[in-house]
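Biologist: I'm new to reading protein models. Could you walk me through one?

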Amino acid sequence: MSTWLMGAGGVGKPTMRVYVGGATGVMVPIAAWWHVASGHCNTVLAVAEEKMSSADMPHPQAVFRYIWDPVTEVPLQPNLIWIFAMEMHRYMYKCGTKKEDIALVSVKNKRNALDHPAAQVAANITVDDVLKSEVLVWPVQLLDISPVSDGAAAIVVTNENTARRQTDTPVWIDGVGWALDTTSWTNRDLAFPPEYANVAAQMAYRMAGITNPRREIDVAEVYDPFDYKELHHMEGAWTCQKVRGTETN
């Protein structure tokens, strides 16, 4: 990445690499924001990119074979789909959420993508298509999960004075939030969205002066590498009511 930025005019400029796994795409603009908000920089070019196609053989999950605890986890030979499948199964069991309900998320997202010319896997699918797709690790099936992707996006973040000189309609960042949860799935409540989603959302809401996100937020783009995670993170960010099942253990 630094090599490419040098070719784009980055020589002699301060640079920082931000990497936090799947959340890198959202942490990159946040890092740009704190550089400007601190006064250290007037304007920042934030570039987020990912290239996973080269890891497609023998399987994308091979990229993550070295992220596990060598004593407690490696002997189990886990992968990320395996971990998310446990979380999805627990969520369905404890909250009474049906697979058909979760499949509706995949149906909605792929249909919405039909209107975007750069969408990777836009499709007019049905719930039945999701339920009949290949089982990866139950209950995760092929159409429940995002595909291997290559992509990039860039955003310019600047201070208020510069923004007003450049445009009459700037987009304002009113609040940001981030948090870290335990990496040990045995120490988390798998049925409820990870605590980091709740903590990060509340941090951003306090900065933005939002007290009732369900009423005050009109559009939310929720991270959904698996379709059930969209429901998880909507609950964690309090943009919808928490699902409550009858099972309490």
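Modeller: Buried means under 20% relative accessible area, exposed over 50%, and partly exposed in between (1.4 Å probe, protein chains only). Cys-95, at 11% relative accessibility, counts as buried. This is a predicted model, so local features need pLDDT of at least 70 and side-chain atom pairs count only at pLDDT 80 or more, while totals for chains, interfaces and linings use all residues. Residues are numbered from 1 along each chain as its sequence is written, and side-chain values use heavy atoms, with hydrogens and water left out.

Biologist: How many disulfides are found in the whole structure?

Modeller: A disulfide is a pair of cysteine sulfur atoms within 2.5 Å. Here the search finds zero. For Cys-95, the nearest cysteine sulfur belongs to Cys-240, 11 Å away. Cys-240 is in no disulfide either.

Biologist: Now a helix: which elements do the buried residues of α2 pack against?

Modeller: Helices (H or I, at least four residues) and strands (E, at least two) are DSSP runs, numbered from the N terminus. Helix α2 covers residues 24-37, and its buried residues include Met-27, Ile-30 and Val-36. They pack against β1 (43-51) and β4 (150-158), where contact means heavy atoms within 4.5 Å. After α2 comes Gly-39, with a positive phi near 90 degrees.

Biologist: And His-232, is that residue buried or exposed?

Modeller: Buried, with a relative accessible area of 0%. His-232 sits in helix α9 (residues 227-236), and its side chain reaches the backbone oxygen of Ala-191 at 3.2 Å.

Notes
Polar contact = N/O pair within 3.5 Å; in protein donor to acceptor, adjacent residues only side chain to side chain. Expected span 1.5 Å × (residues − 1).
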